[in-house]
Each structure stands twice: as structure tokens, then as C-alpha cells.
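Have the sequence and the coordinates open while reading.

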Amino acid sequence: MTYKEELYSCTYQSCEDYKSKYKHIGKPYERKEAMEKVTGHARYAFDMEVPGMLYAKVLHSPHARAKIVSIDTSKAKALPGVKAVLTGDDSDLLVGLYMEDKWVLAKGETRYQGEAVAAVAATSEALAEQALALIDVEYEVLEPVVGLDKALEANILVHENIAEINHVKGVFFPQPNSNIASLNRSRKGDLDKGFAEANHILESEFSLPAVAHVPIETHVAIAQYDPFTGRIKIISSAQSPFALRQMLASTLKIKESDIEVQVPYVGGAFGGKAGIHLEPLLCLLSREANGAPVKLKLTREQEFNYTATRAAMRGKIRTGVKEDGTMVAADIVYDWDSGAYADYGVNVGKTAVYGGLGPYDVDNASIVSNTIYTNKVYSTAYRGFGHLETLWTVERQIDILSQKLGIDPYEFRMKNLLRVGDLTMTGELMTASTGSPVDCLQAAVKEIGWKGRKSEAERAAEWKTGKVRGTGFAMVQKAPAMPPNAASSIIMQMQGDGHVKVMVGGIDYGQGLMTAVSQITAQELDLPMDMIEVVRGVNTETNPYDWNTVASKYAFMGGNATIKAARNMVDQMKDIAGQILRLTKESLDHGDGYIFYKHDPTVRVAYKDMAYGYAYPNGNGIGGPLISHGYFTAERLTNLDPETGQGTPALAWTFGCHAVDIEVDVHSGEITVLKVASAFDCGQVLNERMVYSQVMGGVVQGIGSAILEGYKFSDDNVLLNPSFTDNKIPTMKDMPLEVVPIYIENPQLDGPYGARGVAEHTMISIPSAIGNALYDATGINFYRLPLTPENVALGIKSGEKDIY
Amino acid sequence: MLSKFDYAKPLVLEEALNVLSKNEGDTYILAGGTDLLIALRHNLIDAKHIIDIKSIPELDVFEFVEGKGLLIGANVVCNALIESEIVKEKYTALHDAAAVLATYPLRNRATLVGNICNGSPGADLPPSLLIYDTEVKIASAEGERTVPLKEFFTGVKKTQLAANEMVVSVFLPDPGSAEDRSCYYRQTRLKGHDLSSVGVACRINGDGKAAIGINAVAITPLRLTALEDELNAKGITEESIDWAAEEIQNHIKPISDVRASKEYRLHMAGVLLKRGLTHLMEKEA
Amino acid sequence: MTKVDEKDLCAMEQAHINSKERLVTLTCTVNNEAVSEDIDPTMLLLHFLRDKLKLFGTKEACGEGECGACTIVMNGEAVNSCLVLAIEAQGAVITTVEGLSKGGELSILQQEFINGDALQCGFCTPGFLMSARALLDRVPDPTDEEIIEGMSGNLCRCTGYRQIFEAVKRAAKREREELSRS
């Protein structure tokens, strides 16, 4: 074996015993863009420079809620080198993906500590900083809305005009005279009947704080808005250039086609760079500066305190269970503390009504999901799109139910998991193509070596040593949350040397999108991987449309689009080759860089000879440049019924299960994650190395949410931990001792080669699994994240069995 | 960074002290810079003059003299403390504390003297220095003076240093006995790098007497002499260690802040004290 | 330390203190090349490398020494360049990620990062490579604990660290083998 083959056989399952039936699909190819990244040559928006560029800085409100009495920018404007100074008075633009509730710069009042109040653009960063220091703002501090209960009392409204906010009707439902940005609901069956049948009814409340995405590259954008032509050029560290263009056009009230968005390499995103962030402000600064390009790089503090977070959430769940463990009723209310603006967070709230029950077959269920305004930094899309939060509620409740009934938690889940023929919360039918939560549970639980719950006696004996161990597991289930008509498209161009250039609309921010697309192209065209080039960077002027690179949907949608584009390429080549070889299309096949006659492969034409049109020996030309395209739009998906939440929202459900082994120091409360076994039903592993990497990364990000991360606010909602000093993420010292990924493959019939997306999923149920393991270790149920050493130690010390 | 400063790198101490003597609250000493640069970038200070002391050879001193003690100059970085066999053997608590301070690359720059001059109540090194009766040598253009470390800290991020003074070295007396041993345990929010939620340095000297230093539970790092006296009067046993772990809560007044609650600090002070003293007792046996 | 009263800075003063009189000359070696530039003493080493020398591989991600994205090797040591004034590098020998490989041939360390998928978005990668380089130069045969201690000052959000750790371990072994062969 070569060095690399030996390496792969030790680390990955692929090379040795995983014999993929495909030539390229399933093979452990290395990441396409790795070379650029290890040499430091990869250019991110952070690195980009544009001629004549100005530098922007932003002034932020120090108060959670305040009236802006006055802003004096005269000294800043007088500073030589300052080309633009803006406040909320300079713009009437409202921004919002789903609800237009946010001014570009705070106007009249500020609604969160950290909100942008003024901005400058100057010829250097130092000058911009100096200019900012010369702006005087006078505030009248007002009482802020702090926390869910205060918000629901509605004595103070975060948005007094909530009834007038322009929003997507029929999908989001702002409640007048309240702080509820949207009330969404779903229901199934008959709750009253369900609870009447139940032998045991349990009501619990779970909660978790806001956390930060922490992409290592902060938000960065450069915008140029020519005041004469009205055209805009943007370079942005963004997940969704086309959506960005659409939203910017809508915000600025200009034509989409007048906006160009370019996305180079992106240094991490995790949902925080979907949507629209710095761009409107930068456009206004640029226009004010006579069309000079303006760049803004957020500092880490701004990344924590100015841009959006994952929402804090409280889940109230009431379940009815029969003696034998069958769940017959579930009544859930999710309250999302979503901060000052609706942004993407309101969609997370809405999604909870179909994703928020977990992968369980419950005949009678109701979910109400309230996205609630408070005066703090607002929330947006975050890896998992609400599923980490809802599964913290559901999977912990399931574990507690099994404790109370004296049923093994594995058996309890086996009894209630969705199987073929069952209906999901939204009334979707589970088929063999949907994937199997049961397979995932069985695989993870087997790998972790589950032998049943610890007994009191075992626990007491271990306790004396100062360290106790515990095992727990939790299910994962998520489908992409996307509009039913979301689309992906691909363009391919054959090159004269036989290489194929592939243009995608999706952004590779590390998840391996370019590599997956290359593999599919190689597979379909039967070419070696090194002849496939995915064009680096996405530019809306030239790359084909893709809705958004979020939701773990790209492998499915972009993958299918790639297959179609490749087959279209083959089709075009056969058209020409048929004429060249004087054969019908049906007699032709393709492979190894040639279109050839099925019955005599030596009769053939090379792809490259047709790349730009084919020339006969006598000079006649035929055909033309080979440019193919393919798109994929999900079929038969529907919107949700606004009352019942019934419909077909899910492109594909990816199920999974995390099982964890932990050790708890009973004095310090410190949790050490010893082993994680994570099983996912991927349908078909496209590239094990990429999935493996997602598991390694998602598990650690999940551990962050489980035992470490959380925003802390003062009594008047000022962020107390706006930097890495006190807003920590896991380091290399915090990685688990062992992580075992397990790939289940029940094919998704309409996925590319049967594949489903696996990306967000690897993070989602880690906190639930750890919470369940913590019960096994300590005999104590914790209801609130994070499970920090302090929270665990003081919980143990309290002597209580339920810690909220 | 709004400060506009000029930068000097003197080759002798006298030159540095002369610049300092003109100090009107706008001159700062730069050694490792791991605290200073953050203060500059956050505009917490307005610096007009920066004196880089890294080229002053006498500040590099890092010397143990048998029978006397260990002299650590202002330029000695944390990684040097960790790599020193003398520190590891004779002042183990200092080794332990240096080993957990910040991260490896920061420890290539961060100095011991910088850590104490920053005056943070949660600083990692002071508890280990306090239990060894560390002395601080302070110099100015007018001369030198020496103060015990326990008098050096005066409040949150406040020390005795006047605007025209700088610390040139610290001195840890030779513990004397081979039986002398110490350790430092601290609690953090994660296994990775963090400031201390609470950290306890314990020492048992050749006469079997304990010394206890602690951070993050008062406005300055503390030496718990009253607790030590009571404990030493009882003699150090398994029972008296358990007693001390409870009693320590009466000797400290932690607050709740973003890092940890008062309750957890009280709790962990006891846990870490027990862990430290027990470890040292087992070492002897 | 009190917050400077920013409102007292006036435009005229700004113009003066931005003038050429403030500039100092920095001479050092970066990636084996001699460098000499006039800079303001307030310039950070990180910004000198990126904005003056156009070496964009080294990244800024926190500005306070907490994340390691700005890690370079200076005089043989791993250092967070965001907390170093450029002028402190007078006479120093500096290596950035661009200096790890020459002539189009990747170093063993970089190869192992690719082989083992020790990167995803890649933004933290230069910092990790430089921490690893400094570690292996200092300790060619590191224990697992030494690797983790040397690298844990670098934050990554994408990879979960395991593959980075394994890559450094493999690189250490291969480098020792190369050395014993030569």
C-alpha cells in the first residue's frame, strides 16, 4: 500500500472494507482546495483589497433600550480623510428577510446593546477609528424588555408598531400589542383524547441560552454603490450570494440585476453568514462616499455583540404515556428569546413546529412556537436551525419519561420511533426512502456498549472515588428548512484539454462542497478527479443560481443538479459525436474521456476534441462550445397549513443518534467526554473523509453548547461576555478522547446515488446525549444548558434531583 | 488603537528609569506586551511613550543561589519558569501556575513581573509567589526599594507602583529544607486556556507548616495567614484538612461575576485546598 | 487605568501626529528574505506582515491573543503577532505560513494536514501550521500531551481538532524519519 492508502485504512473505513460500487462516489478523495489553504494562498473576504477602498467603523449603542436624543457627527465629518459619516437619520431603509423591522442604523431608539448607531468610512482604519471617537451621542435610557416572561407580559413593547411590520403573510404571524414576532403552530390528532388515554402525564421545562457561531473569520464585506449608474458590487464572507442579492435589491428598492455579489473563500459560517448583514450599511456608506468601495471587518467583539446569535429558548413539554411506554400525547410550547429583530430567527421559530417533536410516532400532538422580541442582540440561523434546542427539550423529556416508568431508555425509544408507514408531525409518510432512526439508535447504542442504567448502589460506590461515569444517548433528526421551491443549479464547460470546469452557486466554507461536486462530475462523465475543476468563488454575475448554502441541503440538491448537468453534457456530446461518427445516439456510450460506439469502442471521439466545436479533417466545423447545465428543484414540497402545520416541508430527513460516555468530577462538576459514537443514516456516503470531518467538528461544537457556551447578560441586558476572554469555545484540550462515526446507508431514492445531507446533524443532539449521560452518572436531571462545572457542582451540592 | 506613542529600547536600566522619571501618567513599560497591547487596542490607556525593556541585560537575571534564593528579573517569561528544574523542584507551585497560564505562545512572551504588575485579583502566579514570601524590587531614578509581595497589591488592577517606578525583579527565598513542597490547583470553565475562577497555592515547609495563597476571591490575591495559623496549630492531618476546607469559606469574600458565582468560588476554594494539602501530605509519605 | 477621553482629540493634532516624523525603520528577516520598511511605532507586527509585506496568510481573528490565528514563528518561538508591535521585531527572524514551503513543494507538515483533513474552512490553518512548526522545531519527538499543549492556543470551529492533532503527530514521525535518512 502507498503511504496514503495505509493512512486511510487506519483512519477511515473506506479503503479497506468499504468497497464502493461506484468508481468515484464513496471514494476518500482529498479536499479539492486543500493546497490553497495550507499554503496561506486562499483569499477570504478578510484579505481582499479593492482599488480606492475606504475603511468603515461602526459605533454601537451601550444601552439595551434607549432613545437617541441627539447625535453630533460634525467633528467626525471635519476630520481630513473621512469620506462618509452616517446615522439613522440618513436612511429610511428597513431590512428584514421575513419581517422588515430593522433600520440599517438605529433611528430614534436603539433596541439592543450593541446595535449600530452611526458609521464612518475613511481612507484608513486608524482614521476611521479616530473619527468614531469624535461622534457624540446622547441617550435617554429606557427600561428594557429582559427575558421571556417580561416580554410575554407585554407591558413594554420592543416594537411598538408590531402590527404594521411588513412581513411574509401566511407564514409568519406577528401578534398585535405583544412582543411575539410570530406565533406558529402545528397539530396532529386529538390532544384531549390522547391525554385521556395516558397512564402517566409528565410536564417539564427545559431551557438554554444564546450562543455565538464563532466562525474564525468574522463577518467581512466590501461594498461599492455607484451613485451614477446605480449598480452595486459586493464582496462578502457570505453563505448565500443570490439570496443576499435578492434581499439587498428588496431593501434598497433597486433591480436585482444591478447587484453583483462575489464570495471568495469563507472562513466558517455555521448559519451566521446566511441572510444579509453588513451589506446594506456598507452600500449606504459607499454611496455617500461618492461610490468609493467601503470595507468593514468586524472585530471579534462586534462578532459577538453586534451580529446575530443562536436564540435562547425555553421549551415546555407535557407528554402522556401509557404504562407500556407508548407515547400517546405531546403538548409542546417553544418560546424563543430571539432578541431585538426577527431576522432569520423568526424562521427558526416557525421551523420548530414541524421539526420540534423529534423522530417519534405520536398520534396526538401540538406544537406552539413563539418567536419573541426582547431588547438584546438578535438571533439568526445557526447550525441545526432550532433542532439542537428542540431536541434538548424532547430527548431529555424522553429520558426522564423512561426513568419514571422504569423502562430502559433504549427500549422506550424503540417503542416510539418513527418507522415505515408512520406519519411525522406534519403528516408526512415515512417510507423506506426516508431513512431509519431505528438503525441509527441500534448502531450507536451498540458501539457505546450500552448495558442499561447504572444502579444506585453502583453509583454510590463510584461516587467515593470522586469521579462517576455515565452513558447516555439521544436521537437526531432534521430536514432542510427551506422554501418548497428552493433550487440549485450547475453549469459545466468542457475545456480544450479535456478538463471540465464546473460552476456552482453554492458556497464551500469547509464542508467539502467542491469536492463532492467534483466526485459526482467525475462519476457521471467517467473522468479522473484531477480533470474536474470547480471554479473557485461564486459570483452572481457568472455563476448559476443557488438558493442558499444552508440546511445541509447542498449534497442533495446541488448533487442532483450536478448529475443533471453532467448528463446534459454527455447528451450534447453524443449529439455531435453521433454526427461525426455517423451513428445514432442510442448506439453511443461514454467513458474515459470519449464518446464511443457501443459495439466497437475504438470508434470514438474525445470529449476535448468537441470542447469548442469539432473540426473535420477537411476543415468543416460542427457543433460548438460544450456548455451544459442542470438544476434541481424539490418536487411536491408544500407550505405548511398555518393552523395545523400539516404539509410536506421536508426535502429529506436525515436521522441519527449520538451515544456518549462521560466522566463527571463530583466536586468540581467538570465533565470529561470519554467517547462519542455517532450514527447517521446518510443514504450513501459520497466521500467518507468529508462526513468524518463533519462528525469530528460537529461533535466538538456540540460539546461547546453542552458544557461551556452561553451568553451572559447583566440585569439591564448588557452583554457581559463579548470576547473570547469570557465567551469560550472548546480547544484541543476539550476534544473527546474518542469519536466513532458510523455511517448507515438506507438509500434516499431521490437523492444523488441515494445520498442525504449530513452536516448540521453531527452537532445537534450532543447536548441532549450528555444531559442524559449526566443523569446516568449522577442520578440528577439537569434542565438547563450549559452543563458547566459550576452548574453541575452546585447542582450536586444542592442535594436536589432536578436542577433547573 | 488611538494612542500615538514613541518607542524606545534602552540598553541599560538607568536610561529606562530616566524616561520613566519624566512620566506624567503616559509612559508604559513593555516586556511581553500581552497585557499592554490589549490595553492599547481597547483604548483603556493613552500612551505617549513606550519603553521596551527587553534589551536590558540585568533584567534577564534568573538565578538561584543556594542558601539565598531565586532571583527572577523582569524579562523572564513564563515558559522559562516552566522549563527551569530549580523552579520545578524548589518552588513547584510556581511551576504549576506558570504551566497553566494562558497558552504556549503567550507564555513565550508573558513575564512573571508583568503578571504581578497587571495587578489582576485573578492572576495565576501571585498565590504561588505569596506562599514563598516573595519580595519585589522596585526601581526609579531616585533609587531602589524592596516590598513584600503581599503588600504590593493594593486593589483591583492596582499596585504600589508610582508612575515613575518599575519592578526590576522578584526574589523568592530558598525554602531551605528538601521536605519543603508546594502545588497550585485552579478551577477553570473548560480544559482549554482560561482565566482562573479560583486558584489555590499550597505549601508545606520543612517544619510541616502550611502556607496558603489564593486568587479571584478578593480585590487582590491573598495569603491566608489567619487560616494557616489555625491549621498549623492543629497540625496537618486528614481531619484538619477537612476542617480547613470548610473553614476557608470564612476567610475569603468572593463575588459573583461573569466568570463564576460567589457560591462556586466558596465551594471550589475548599475543594482545591483539600486537593492541594492532601496531595502534599501524600508526597511526603 | 482610565479610558482615554476620546472627545479631546482634535483634527489638527491628528494631522500632526500622522506625519512622517513618527516613522521608524524596521529591519528584519521574513521567510528568509531581508526586509526594511519605515513604519509607525504603533503598527502591530500582524498588520506589518499583512498590510506592508502583503503576506495575507497570517490572519486576525480576535486581536487579543486568544485564538492563535495570527501565530507566526519569531526567533524560533511561536508568537501571537497581534500582541507584538512591529518595531519589537527589529533584527528578528520571522517565518510565516508562506515560508513553510519553497519551490512549489509542500512541507511534510502541510502534506499531512492535507492527507488527514486537518482543515475545513482553512482560516485557522496558517496559525495551526505555525504553532506546529514551532513545536516540532523545539521538540522533534513530542508526546501527545506536548502536542496538545503546544497547539491548544489555536482555536478551530470546524474540525474538532482530532485530525489536526493526528496530522501533527504523523508529521513529527515523518520528519524524524527524513532526518535520520539524510
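Which side chains meet in a salt bridge at 2.7 Å, N to O, between chain A and chain B? They are those of A:Asp726 and B:Arg259. This is a predicted model. Its scores are ipTM 0.96 and pTM 0.96. For chain C the average pLDDT is 92, and 90% of the residues score at least 70.

**Chain A against chain B**

The A:Asp726–B:Arg259 pair belongs to an interface with a count of five salt bridges. Polar contacts link 18 residue pairs there, with both residues at pLDDT 80 or more. Three helices or strands of chain A each supply at least two residues to the side that touches chain B: helix H5 (125–133), E30 and helix H22 (789–798). H22(A) gives the largest share, five residues.

**Chain A against chain C**

A second salt bridge pairs C:Lys59 with A:Asp47, whose closest N and O atoms are 2.7 Å apart. Between chain A and chain C the count is seven salt bridges. The rule also finds 30 residue pairs in polar contact across this interface, both residues at pLDDT 80 or more. On chain A, helices H1 (3–11), H3 (34–38), H5, H10 (300–305) and H19 (688–707) each supply at least two residues of the side that touches chain C. The largest share is nine residues, from H19(A).

The sizes of the two interfaces are set out below.

| Interface | Residues in contact | Buried area | Carbon and sulfur share |
|---|---|---|---|
| A and B | 27 from chain A, 25 from chain B | about 2,200 Å² | 53% |
| A and C | 66 of chain A, 55 of chain C | about 5,000 Å² | 58% |

Which three residues supply more than any others of the area that chain A buries against chain C? They are A:Val38, A:Ile216 and A:Met732, with 16% of that area.

**Helix H14 of chain A**

Helix H14 covers residues 437–448 of chain A.

The buried residues of H14(A) are A:Pro437, A:Val438, A:Cys440, A:Leu441, A:Ala443, A:Ala444, A:Val445 and A:Ile448. Their cover includes helix H13 (409–416) and strands E18 (467–478), E29 (654–665), E30 (671–681) and E31 (738–744) of chain A. After H14(A) comes A:Gly449, with a positive phi near 75°.

**Backbone details in chain A**

A:Ser552 has phi near 55°, and so does A:Arg636. Are they buried or exposed? A:Ser552 has a relative accessible area of 14%, under the 20% cut-off, so this residue is buried. A:Arg636 has 64% relative accessibility, over the 50% cut-off, so this residue counts as exposed.

Both sit in loops. A:Ser552 is found between strand E22 (538–539) and helix H17 (554–581). A:Arg636 lies between strand E28 (627–633) and E29.

Where is the cis peptide bond with omega of about -5°? It joins A:Leu785 and A:Pro786. A:Pro786 lies in the loop between strand E32 (781–782) and H22 of chain A. H22(A) is the helix that gives five residues to the side touching chain B.

Terms used:
Residues numbered from 1 in each chain as written. Chains lettered and ligands numbered in written order. Heavy atoms only, no water. pLDDT = per-residue confidence, 0-100. Helix = DSSP H or I, 4+ residues; strand = E, 2+ residues; numbered from the N terminus. Expected span 1.5 Å × (residues − 1). Buried < 20%, exposed > 50% of the residue type's maximum accessible area, 1.4 Å probe, protein only. Contact = heavy atoms within 4.5 Å. Buried area = accessible area lost by both parts, 1.4 Å probe. Salt bridge = Lys/Arg side-chain N within 4 Å of Asp/Glu carboxyl O. Polar contact = N/O pair within 3.5 Å; in protein donor to acceptor, adjacent residues only side chain to side chain.
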